[in-house]
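This report goes through one protein chain, part by part. Please look over the sequence and the structure before reading on.

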Amino acid sequence: MIRSDRARLPAGVFAGGICLLAATLAAVPALAGSCPETKQSVRFGFYAYFEPVSHSAAREPGAAGFDEHRGYEADLLTALEAMKGINLSLLRRGVTAWEGIWLLPSGPDYDMTGGGITALESRTHDAAGTRAIAFTASHIQFRQSLLVRTEDAKRLTRYEKLDNAVRVGVIAATTGESRLLEMVGLVDTNGFLAAGVRIDTPRGVVIADGSPSFRITAAGAGPALDGRQRLYPPSPGMPQVVYMANEEALIRALLAGEIDAFAQAEIGNRQAARAYGDRLVIGTVEEGTEAGGFAVAASDTALAACVNEAIGWLTDGGRIGYRDWFDDPGIFLHRARLWNGGLR
């Protein structure tokens, strides 16, 4: 882990359409010579179930290969490790729980985490409201979408068509959840649930009263909503929302007809549509995009600066991203070889 007393540096910039981090995300920009002089280990936790962005070679924790990182972020970080002078060696560990994964570097066990994390200001603070983490330069962009069965593709073409007969599956504390709730009117711009929303929880049914006690954002939710299982809308023009633990469970439920749509990033939904042939398709895609990055401790400015330096080169200042990797998975190692050859 790299530690530094260096003061926070100016905000990142936009390049090639990908945000290299705004000041509101407390980012540290790339600096020449910001990396350690000798090889240093970085304890990196990756979300194990977001194929093809970040996933484990084995799905079961404890199985051989569970800590073997695969996907877009894995290849990007392998190229980072290969760059001369970056001097970072990642000790990778699979993480099964998504909720709060971005806050792990503020604790004792991880220096950096990833897994398709949208870089949001609300995710930089811990439960006490203290700034705990910062995000590195963005290396990927997401658009939210709905995955549906092929026979429902014409029926579920817009978020506005989701009424109370439609059951949409989500994973808690994701931007897939928070953006869905906002677009269909179940929460306001502050994340407060509309009055009258009925919520199934492990402790019984609770009814939202429109107050801050019933708030859901991409950074988490109030204690009354812990373990939320299902939301029932207060009016017929809004869908039901069904919560499950991971993408695999939601896709099984979608195929079985237990839910009608799965709300998550387009990248993951397109991967599922390809995997299931003509059974699943994308119903609709949100127009807006979200920038994703890696999370580090807010105090670890040196690590952030070093990672930013490498990401800036590997992505060619934001001009190379997920689609380029999808077409050529070796593209980041190619960029690393150019760096090592002095072509920078």
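Are Tyr 72 and Trp 325 buried or exposed? Both Tyr 72 and Trp 325 are buried. The model described here is a predicted one.

## Aromatic pairs

Tyr 72 and Trp 325 form an edge-to-face aromatic pair, with 5.6 Å from centre to centre and 85 degrees between the planes. Tyr 72 belongs to helix H1 (residues 72–82) and Trp 325 to helix H6 (residues 322–327), so this pair ties together parts that are 253 residues apart in sequence. One aromatic cluster is formed by Tyr 72, Tyr 322, Trp 325, Phe 326 and Phe 332. Over the whole structure, a search finds 11 aromatic pairs.

Another of these pairs is made by Trp 98 and Trp 102. Trp 98 and Trp 102 are also edge-to-face, at 5.8 Å centre to centre and with 70 degrees between the planes. Trp 98 counts as buried at 9% relative accessibility, and Trp 102 is buried with a relative accessible area of 1%.

## Charges over rings

In a second case, Arg 335 lies over the face of Trp 313, at 4.2 Å from the ring centre.

## The nonpolar cores

The largest nonpolar core has 55 residues. Within this core, the residues with the most contacts are Leu 80, Ile 86, Leu 88, Met 112, Leu 314 and Phe 332. Helix H5 (residues 301–314) gives the most to the core, with 8 residues.

What does Leu 314 touch, leaving aside residues up to four places away in sequence? Leu 314 touches Leu 76, Ala 79, Leu 80, Met 83, Ile 320, Phe 332, Arg 335 and Ala 336.

## The disulfide

The count of disulfides comes to 1. A disulfide is a covalent bond between the sulfur atoms of two cysteines. Here the disulfide joins Cys 35 to Cys 306, with 2.0 Å from S to S. The link of Cys 35 and Cys 306 is right-handed, with 105 degrees about the S-S bond.

The two cysteines come from distant parts of the chain, 271 residues apart. Cys 35 is in the loop between strand E2 (18–19) and strand E3 (40–47), while Cys 306 is in helix H5. Cys 35 is buried, with a relative accessible area of 14%; Cys 306 counts as buried at 0% relative accessibility.

## Strand E3 and its partners

Strand E3 runs parallel to strand E7 (residues 88–95), and 8 bridges join E3 to E7. In this pairing Phe 44 stands opposite Arg 92 in E7. E3 also pairs in the parallel sense with strand E8 (residues 112–114), over 3 bridges. There Gly 45 stands opposite Thr 113 in E8.

Glu 177 has its place in helix H2 (residues 175–183). This residue counts as buried because its relative accessibility is 0%. Not counting residues up to four places away in sequence, Glu 177 touches Val 170, Ile 171, Ala 172, Ile 216, Arg 228 and Tyr 243.

In helix H4 (residues 266–275), the buried residues are Glu 266, Ile 267, Gly 268, Asn 269, Ala 272 and Ala 273. Gly 277 follows H4 and has a positive phi, near 55 degrees.

## Backbone details

The peptide bond from Glu 51 to Pro 52 is cis, with omega near 10 degrees. Pro 52 is placed in the loop between strand E4 (49–50) and strand E5 (54–56).

Which phi values do Ala 173 and Asp 316 have? Ala 173 is not a glycine, yet its phi is positive, about 65 degrees. Ala 173 sits in the loop between strand E12 (167–170) and H2 and is buried, with a relative accessible area of 0%. Asp 316, also not a glycine, has a positive phi of about 55 degrees. Asp 316 is found in the loop between H5 and H6 and counts as partly exposed, at 27% relative accessibility.

Terms used: Residues numbered from 1 in each chain as written. Predicted model: local features only at pLDDT ≥ 70, side-chain atom pairs only at ≥ 80, totals over all residues. Heavy atoms only, no water. Core = buried A, V, L, I, M, F, W, Y, C linked by side-chain atoms within 4.5 Å. Buried < 20%, exposed > 50% of the residue type's maximum accessible area, 1.4 Å probe, protein only. Helix = DSSP H or I, 4+ residues; strand = E, 2+ residues; numbered from the N terminus. Contact = heavy atoms within 4.5 Å. Disulfide = S-S within 2.5 Å. Phe/Tyr/Trp six-rings, centres within 6.5 Å; stacked < 30°, edge-to-face > 60°. Lys NZ or Arg CZ within 6 Å of the ring centre and 35° of its normal. Pairing = 2+ DSSP bridges.
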